[in-house]
Every structure is written in structure tokens, then in C-alpha cells.
Amino acid sequence: METYGEILLIAMPAFLVLVLLEKWYGWYTENDTVPLNDMLSSLSSGVTNVTKDVLGLSLAIISYGWIVDHVALTHVSASWLTFLIAFIVLDFSGYWVHRINHEYNIFWNNHIIHHSSEEFNLACALRQSISSFVRIFTVFLLPAAFLGVPTEVIAVVGPVHLFAQFWYHTQHIKRMGWLEYIIVTPAHHRVHHAINPIYLDKNYGQIFIFWDKLFGTFQEELANVPAVYGVTTPVRTWNPIKINFMHLWLLVKDAWRASKWEDKFKIWFMPLGWRPADVAEKHPVEKIEDVYNFEKYSPLLSPNLMRWSIFQFLMLVFYVFFLFGNIATIGIPGIFIYGAFVFLTVYAYTELMDKDSKAWIWESLKSIAGLGIILSTGDWFGLNASVPFGSYMLIMILVASPLVVVWFCKTEIQGVQTQKKMVSI
């Protein structure tokens with residue numbers, strides 16, 4: 001937990017710098033693929049994901065280490081060859097897990113967040129799930145465990161394999177020659193994120209593209225078919241916490257509404273998008289039929305509201321960096337209280353970005369929670385030791401922020417809604 005937090009203290013600034021460089025490059029070349037609101041939503045999703053992982057908010061039914069220690073048929077040393085084989089095995093496993101996430105209703109909820117952006121950029125690579133609280137051991141890693149590949153090898157290869165999937169989420173790198181035949185490139189992954197019929201459910205590879213060619217899921221990027229990004233059932237929100245549980249909530253409602261008991265159970269394991277016929281007829285959901293003719297989700301935010309959202313994100317970054325750098329000092333249960341505050345922060349300001357008239361309620365709850373922590377302990381988890389009067393500065397921000405959000409709700413959100421009602425009348 002603490003070690004992973006220290007790694008992220010280095011990785012997170014690196015990812016943020018690269019995202020900002022892509023934003024600058026797009027502005028410089030007059031081909032900006034990173035809208036600010038989309039970028040903030042993606043970065044916020046990344047923060048919730050790493051916070052969940054650092055706090056260890058998941059359960060392992062059977063751990064890799066347990067199998068190596070108790071069931072392995074033999075044991076191998078941690079040589080360079082072991083690391084290479086482990087990397088390839090992990091990528092093979094990743095291909096199938098990725099494919100299963102796309103093909104079955106129950107597993108899509110763990111992956112929808114990654115495809116929810118209607119843009120394609122480095123920031124959207126950080127849209128990772130917080131909804132997979134129970135991680136059943138991936139069966140495709142069993143051979144490595146039975147052969148006794150050391151746990152520390154997987155512990156090193158795992159993060160390297162994950163971080164190596166970041167770079168190809170971009171529209172600025174075109175085709176890459178002979179590398180197109182070996183590794184996943186931006187061209188391959190643009191196809192994977194596209195909702196064009198010819199591109200759907202293709203290119204599941206994470207590092208190596210030959211798995212797709214071997215198992216029949218490869219599709220080349222076509223010059224005459226520009227990729228359109230997102231999901232065919234659009235999420236229509238910047239709130240990453242809502243997106244994480246959106247598909248699960250739809251499945252729960254559909255199972256409840258289904259008239260046949262068979263459908264109530266079958267829906268979870270049917271191909272992605274399957275719904276009971278009676279439910280689909282009575283409760284239709286929005287679906288993009290023409291990928292070249294639909295309106296992207298982008299509520300118009302005033303410059304002031306955008307600046308406020310950026311400020312809120314910067315405060316979020318401060319909260320998270322302080323948490324990751326002081327996990328051992330904060331201890332349990334403090335880190336879980338802190339984590340809940342981080343999630344509430346993300347929920348509150350992304351609701352405002354959605355221009356929800358109730359955003360002030362969430363902001364008020366966040367401020368009440370933060371003030372309660374400071375007033376009950378006399379400090380913000382030891383902040384005053386690092387930043388003199390740091391807790392007092394936080395108190396001022398927490399007191400002021402609900403007032404600012406109330407002002408935005410009155411002037412921008414309710415005003416727009418009133419105008420819409422007048423137009424409809």
C-alpha cells in the first residue's frame with residue numbers, strides 16, 4: 001500500500017505532464033483533441049482509481065502468491081528470461097480479460113469507464129475502473145503460478161505492463177511502419193475505442209497485437225473510415241463515479257423489471273447489450289444509431305465555471321498527493337476517511353461540470369465533512385506539520401466553496417433551465 005503510493009507520487013506527475021504536453025501540441029498544431037472538460041473528467045477518474053488501489057479496496061478470492069507458495073509444481077528463479085516470459089503471459093491474460101469485459105454484460109461494468117470518453121487522447125487512458133471490488137483470480141495466469149514464477153516478478157511486471165498501455169491513446173501519432181505487425185500502436189487502439197460498426201469489438205491487445213490476429217479480432221484502421229469514439233449507449237455525464245456504476249444499475253433495473261425469472265438470471269451472462277424483450281420495449285435506453293450524426297456531450301461552461309473546475313481539480317491533486325505521501329502517518333482508519341473525502345470531492349465538482357442544479361448539495365456535504373475532520377482533530381491529518389497554518393487555509397476554502405457553487409447554480413444553471421422552460425412553453 002505505502003510502496004504503491006510512493007510509486008504513484010512519481011508516475012502521476014509524469015502522466016499529468018504528458019497529458020498537458022498533448023494539450024499544448026494540439027493547440028500548437030490547431031488540432032486540439034483534449035477538450036478541458038473531458039480532460040478534467042478523465043484525470044478525476046484516474047485519481048479515483050489510484051486512490052481505490054492504494055487503499056486496497058478490493059478482495060482477492062485466491063491470490064497469486066498463495067498459489068505459488070502452496071500449489072506450484074516447481075519454482076523458477078527471477079532471471080531476465082523469467083521477466084520476459086511473465087510479461088508475455090500477462091499480456092496473453094490481459095487480452096482475454098479485456099475481451100471478456102467487452103463481450104458479457106456483467107463484466108462490461110468494470111470497463112465502461114475506459115470507453116466513456118467521446119474523445120481519444122492520453123487523458124482518457126486514465127479512465128480506469130473503481131467498480132471491480134472483487135477480483136477473482138485470472139485463470140489465464142494459472143500456468144505461471146503452477147510453474148512457480150516468483151510473486152515479485154509479477155509485482156514488477158504488472159505495473160510496467162499497465163503503464164506501457166498509456167502512450168498509444170493519442171490521435172497525433174499515425175502509422176508506425178513495421179511496428180504495426182508486433183505491438184499495439186495508436187492506429188490499432190483508435191480502432192478499439194471507435195464505435196463505427198466495422199471497428200466495434202476489435203483489437204483487444206494490450207501490448208502485442210498478434211493476439212488479435214491469432215484469435216480473429218484484428219481490424220486495421222481504414223483511411224476512409226474515420227474513427228468515432230465513445231460508447232453506443234452514451235453516458236452523458238462528466239462524473240466518473242456515476243459512470244463506473246451506470247451499466248450495473250441498468251442491469252439491476254432490467255433484472256428487476258423482467259417478467260420471466262429466466263431473464264432475471266440470464267441477463268448477467270448474456271452478450272453485451274442484451275436486454276429482455278419486454279423490458280427493452282417498455283424501458284428503452286438511448287442508443288447511437290448513426291455514429292456520424294449525433295451530438296457529443298459537452299455542456300457549455302462559462303470561463304469562470306471552467307476556472308473554478310480547474311481550481312477544484314488542483315485541490316484534488318493536493319489532497320491525493322498529501323494522502324499518498326503520508327499513508328503510514330495517517331494510518332487506519334484515517335486513510336479510509338480521507339479516501340471517502342477524495343471521492344466526495346470528485347463527485348461534487350463533476351456534478352457542477354454537468355450543470356446539475358443540486359451540485360451545491362454535494363459541495364456542501366464535502367465541506368461539512370472536511371470541516372468536521374479538522375474541527376474534531378484540530379488538524380488536517382497532520383498537515384500543519386508540513387505546511388504552517390495549512391489547516392486554517394483549508395478551512396477558508398471549505399467555507400467559501402459551497403457559497404461559490406451556490407452562486408454558479410443560481411446564475412448559470414437555474415438561469416439556463418428557466419430559459420429552456422420559457423422556450424418550451
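A salt bridge is taken here as a side-chain nitrogen of Lys or Arg lying within 4 Å of a carboxyl oxygen of Asp or Glu. The structure to which this criterion is applied is a predicted model. A search of the whole structure returns 12 salt bridges.

An α-helix has 3.6 residues a turn, so residues three or four places apart point the same way. The two partners fall on opposite sides of the burial cut-off, which is set at 20% relative accessible area. Arginine 99 has a relative accessible area of 16% and is therefore buried, whereas glutamate 103, at 27%, is partly exposed.

The salt bridge between glutamate 119 and lysine 296 has an N to O distance of 3.3 Å. This pair links distant parts of the chain, its members being 177 residues apart. Glutamate 119 lies in the loop between α6 (112-115) and β2 (134-135), and lysine 296 in the loop between α13 (277-282) and α14 (303-325). Glutamate 119 counts as buried because its relative accessible area is 17%; lysine 296, with 40%, is partly exposed.

Aspartate 32 also forms a salt bridge, in this case with lysine 23, and the closest N and O atoms are 2.5 Å apart. Aspartate 32 is partly exposed, at 40% relative accessibility.

Turning to the cysteines, the structure holds 0 disulfides. Cysteine 124 is buried, with 0% relative accessibility. Cysteine 409 is likewise buried, its relative accessible area being 2%.

Helix α8 (residues 151-163) contains leucine 162, which is partly exposed at a relative accessible area of 43%. The C-alpha atom of leucine 162 is 8.6 Å from that of glutamine 206, a residue 44 positions away along the chain.

Helix α17 (residues 359-377) comprises 19 residues. From its first C-alpha to its last, α17 reaches 28 Å, close to the 27 Å expected at 1.5 Å a residue. The buried residues of α17 include Ala359, Gly370, Leu371, Ile373 and Ile374. Among them are also Glu363 and Lys366, together with Ser364 and Ser367. Just after α17, glycine 378 adopts a positive phi of about 80°.

Key: Residues are numbered from 1 along each chain as its sequence is written. This is a predicted model: local features need pLDDT of at least 70, side-chain atom pairs count only at pLDDT 80 or more; totals for chains, interfaces and linings use all residues. Side-chain values use heavy atoms; hydrogens and water are left out. Helices (H or I, at least four residues) and strands (E, at least two) are DSSP runs, numbered from the N terminus. Buried means under 20% relative accessible area, exposed over 50%, partly exposed in between (1.4 Å probe, protein chains only). The expected span of a helix is 1.5 Å times one less than its number of residues. A disulfide is a pair of cysteine sulfur atoms within 2.5 Å.
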